[in-house]
Amino acid sequence: YVVKESRHAYHYALKLARRLKTNHRIKVMVVDDSKMSRNHIRNLLERHLYRVIEAQDGLEAIEQMGIHPDVRLVITDFEMPNMDGFKLVNEIRSKFDKRGLAIIGLSSVESGILSAQFIKHGANDFLNKPFYPEEFYCRISQNLEAIELIEEIEDAANRDYLTGLYNRRAFFERAEALISKAQKKQVPTSFCIIDLDNFKLINDEYGHACGDEVLKRFARLFDKHCEKFLYARIGGEEFAMVMVGLDNDKALTLVNGLRQALVAQAIEWDGKQFHVSFSGGVITDSEGSVDHLYNRADEMLYRAKEAGRNMVFG
Ligand code: GH3
Ligand code: MG
Ligand code: MG
Ligand code: MG
Ligand code: MG
């Protein structure tokens, strides 16, 4: 039993040490009208290196949230002038993205019902006052871990595992939003589809692992040349990009630059060297759905393939 306990303590200490390394990046806001209570919580948080922001009521808290959109955790009192804790939780949940933000309500032991109500209003958790530091730290780190985990899961769902680029679903979601916004503001926007040339031959000649390596290297070229735009791997060796602010000429210049960068890059595999190219289709239109743009860009791509590959049509 003793061994088990000490091993547990050891793992806890390790976990704590890992957390302390990153806590200095985590902003926590403490909302309480009692200065003494704020100071107490601030001291506890700073002992674990969190960055603390204070607010003495709900109005100030909302204002501070606007100034510090990267606050990850709000700890709020219930009884405060101007706005009580429930109202504040409601306001925060309606004004700010729920993802990436945890809220812990504070309630005193005498009014036990407050805790459940905090959660009904949108808080993730609650703490009864007075509390032991151990419980305080457990609740804080559990809630922070939960939102980090959700973010990791979301990121994994949006990314292509091989290249780390956005996947097809994430791309079309974002493309819809970008394109409709650009169309409303009448900003020129181009849409592009790219397909690697004779990719099957690369797999056949050098193996699937080599094909994978080519895809990864190509993804890094996107990162280097197209970082301002939305791009993704939408299929096996097919990629797409939305270029907000680029007319057809500028988009063609960008995509041809990417193509030249790919062609210039020698891939070495099993002591042999080869080069890869792609074909692309670019469409610039101030109206039409994403599906429509996609189909027309695909038609252009088909023509580039027909014309002999390693070309961008637009
Ligand atoms: P084209 O120039 O007409 O596009 O010819 P292609 O050979 O590139 O096109 P095709 O559609 O005939 O073949 C695409 C190949 O891409 C077939 C498939 O096995 C390969 N592929 C798709 N996804 C992956 C992947 O994740 N890794 C590897 N290594 N190969 C992949
Ligand atoms: Mg109070
Ligand atoms: Mg291909
Ligand atoms: Mg093909
Ligand atoms: Mg293809």
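What is the handedness of the crossing of helix 3 and helix 4? The crossing is right-handed, where right-handed is the label if the near helix is turned clockwise from the far one by less than a right angle, and left-handed if anticlockwise.

1. On conventions, this is a predicted model, in which local features need pLDDT of at least 70 and side-chain atom pairs count only at pLDDT 80 or more, whereas totals for chains, interfaces and linings use all residues. Residues are numbered from 1 along each chain as its sequence is written, while chains are lettered from A and ligands numbered from 1 in the order in which they are written.

2. Helix 3 (residues 58-67) packs against helix 4 (residues 85-95) at an angle of about 20 degrees, their axes being 10 Å apart; helices (H or I, at least four residues) and strands (E, at least two) are DSSP runs numbered from the N terminus, and axes are lines fitted to C-alpha atoms, for helices over the stretch in contact, with angles running from 0 to 180 degrees between N-to-C directions. That makes helix 3 roughly parallel to helix 4, a label for angles under 35 degrees, with over 145 counted as roughly antiparallel, 65 to 115 as roughly perpendicular and the rest as oblique.

3. The helix 3 side of this contact consists of Gly 58, Ala 61, Ile 62 and Met 65, which meet Lys 87, Leu 88, Glu 91, Ile 92 and Lys 95 of helix 4 (contact means that the C-beta atoms, placed from the backbone, lie within 7 Å). By class these residues divide into five nonpolar, one polar and three charged, where Ala, Val, Leu, Ile, Met, Phe, Trp, Tyr, Cys and Pro count as nonpolar, Asp, Glu, Lys and Arg as charged, and the others, Gly among them, as polar.

4. An open sheet of five strands runs in the order 2-1-3-4-5 with parallel pairing, two strands being paired if DSSP finds at least two bridges between them. Strand 2 (51-55) and strand 5 (125-129) stand at the edges with a single partner strand each, so one side of each has no neighbour in the sheet. Strand 1 (residues 27-31) pairs with strand 3 (residues 71-76) in the parallel sense over five bridges, and Lys 27 has Val 71 of strand 3 as its bridge partner. Helix 5 (residues 113-120) packs on this sheet, where it touches strand 4 (102-108) and strand 5, and its direction makes about 160 degrees with that of strand 4.

5. Another open sheet, with mixed pairing, has five strands in the order 7-8-6-11-12. Strand 6 (residues 189-196) and strand 11 (residues 278-284) pair in the antiparallel sense over seven bridges, with Thr 284 of strand 11 as the bridge partner of Ser 190. Helix 10 packs on the sheet and touches strand 6, strand 8 (238-244), strand 11 and strand 12, its direction making about 165 degrees with that of strand 11.

6. The axes of helix 9 (residues 208-225) and helix 10 (residues 248-264) come within 10 Å and cross at roughly 135 degrees. That makes helix 9 oblique to helix 10. The contact involves Phe 218, Leu 221 and His 225 of helix 9 together with Gly 257, Leu 258, Ala 261 and Leu 262 of helix 10.

7. Helix 9 also gives the most to the shell around ligand 1, with four residues. By class, that shell has four nonpolar, five polar and seven charged residues.

Note on methods
Two residues are in contact if their C-beta atoms, placed from the backbone, lie within 7 Å.
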